[in-house]
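I am opening my notebook to write down what I looked up in this structure, entry by entry. The sequence and the model come first, and my notes follow.

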Amino acid sequence: MELTFIVPVYNVETFLEECLDSIYKVENIEYEVILVNDGSTDRSLDILKKYKEKYLEITKIIDKENGGLSSARNAGIRDAKGEYLSFIDSDDIIDSKGFEEFFKEGQKLDLDIMVGNMRYFSAEKIGEPLFRSQEIKDFTVGKGTKFFLTLFQGTKCFREEVVDDIYKRDFICENKLYFHDNLIHEDSYFTPMAYLKAKRVKYIDIAFYYYRQRSGSIMSTVTDKSINSLEKICYMLLSEYSKTDEYGREALSKLLPSFYKVIVYRYINSDKNYKEKLKNYRTIFKDVKGIKNRNFEEILVYIAPKFSNLLRKLMRKDIGNIQKIPNF
């Protein structure tokens, strides 16, 4: 079996059929589809059963109690038989032809991670492919840590979403790269860890994934749990800093201050006492030698976080507790 699609499902009856139709249109690949019903209380399970009946031989339903996205994805990984794994969120869609082209290209190169591209879309609009730097487009097959570092050579080039990537299953299992339960930002940990472990990575410039933008999704409101999850991820990744190579350390030196400064900003904009978070930021910044990056904003956060926050507000780029729908 070449590929396993893993589709976590929780209360998405409005969008689910559109998602599944796009997956089952994929041809010329030997694949299975694992549909993980994560305790849905709407009609989602009934819809899954309909597709199971229609595509009996290639479909498996896992019906489990609600445990969150990480739990659902991990259940799919444990049951997967495909050589490669593709994670699809059940309110999104894929371009089936683009997916086939993407997969076949990555398969020929025997990659641990095939890195793809995506578009935002809504009921009214489809966006252009999201930016990838020319350095990434020119990157030949290489070690994950070097690819990870190259992501920071361009503006806003690092993206943590797993849904527009495809992973070799043996690579995932051998490195125990499962999704952590009780984390809201699970991709923000999984993706850096995958890059730190991978031996063969390449970006393939095909935007096959369509990422739905809608209010009321899990990411539309930032909660205390969300902020705490991001903080936990920072420390989990910091523990990898001394274990990786020079490329990985330099990549983490860029990633971790950018993650933790978000926590500082959100505390300031919530009128919470941010002093302890600022102290933590400064410690992480020093531990990863962030000063070498000469990033003006991150140095300013270190010295004068409230002034840095004011500058963001003046530029209308302030980071508060409402997740902004991107312009596209």
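**Entry 1: the cover over a helix.** I looked up what lies over the buried residues of α3, and I found that the cover includes β1 (3-9), β2 (31-38), β3 (59-64), β4 (84-87), α7 (169-174) and α8 (186-197). Contact here means heavy atoms within 4.5 Å, and buried means under 20% relative accessible area, with exposed over 50% and partly exposed in between (1.4 Å probe, protein chains only). Helices (H or I, at least four residues) and strands (E, at least two) are DSSP runs, numbered from the N terminus. Helix α3 runs over residues 69-79 and is mostly covered, since 8 of its 11 residues are buried. I noted the buried ones by name: S70, S71, A72, R73, N74, A75, G76 and I77.

**Entry 2: how to read the model.** I remind myself that this is a predicted model, in which local features need pLDDT of at least 70 and side-chain atom pairs count only at pLDDT 80 or more, while totals for chains, interfaces and linings use all residues. Residues are numbered from 1 along each chain as its sequence is written, and side-chain values use heavy atoms, with hydrogens and water left out.

**Entry 3: the chain as a whole.** I counted up the elements from the assignment, and the chain has 13 helices and 8 strands. Its radius of gyration is 20 Å, close to the 20 Å that the globule rule gives for 328 residues, so the chain is as compact as a globular protein of that length. That radius is taken over C-alpha atoms, and the rule is 2.2 Å times the number of residues to the power 0.38. Along its principal axes, the C-alpha trace spans about 60 × 40 × 35 Å. Of the 328 residues, 55% count as buried. I also looked at contacts between residues at least 6 apart in sequence, and 79% of them join residues at least 24 apart.

**Entry 4: the core.** Which residues touch the most other members of the largest nonpolar core? In this core of 100 residues, they are F5 and F99, and α10 gives the most to the core, with 12 residues. A nonpolar core is a set of buried Ala, Val, Leu, Ile, Met, Phe, Trp, Tyr and Cys residues joined through side-chain atoms within 4.5 Å. Not counting residues up to four places away in sequence, F99 touches L3, F5, V26, I29, S86, I94, I166 and F208.

**Entry 5: a serine in α10.** Staying with α10, which covers residues 246-269, I looked up S253, which has its place in this helix. S253 counts as buried because its relative accessibility is 4%. Leaving aside its neighbours within four places in sequence, S253 is in contact with V288, G290 and N293.

**Entry 6: two asparagines with positive phi.** I noted N11, which is not a glycine and yet has a positive phi of about 50 degrees. N11 is found in the loop between β1 and α1 (16-24), and it counts as partly exposed, with 29% relative accessibility. N182 is not a glycine either, and it has a positive phi of about 70 degrees. This second asparagine, N182, lies in the loop between α7 and α8, and at 62% relative accessibility it counts as exposed.

Entry 7: Is G39 buried or partly exposed? At 23% relative accessibility, G39 counts as partly exposed, and its place is in the loop between β2 and α2 (44-54). Although G39 and K64 are 25 residues apart in sequence, their C-alpha atoms are 5.8 Å apart in space. Beyond its neighbours within four places in sequence, G39 is in contact with Y10, K64, E65 and N66.

Entry 8: I looked up K232 in helix α9 (residues 224-238), where it counts as partly exposed at 44% relative accessibility. K232 and Y189 are 43 residues apart in sequence, and 9.4 Å apart in space from C-alpha to C-alpha. The other lysine, K275, has its place in helix α11 (residues 275-287) and counts as exposed at 52% relative accessibility.
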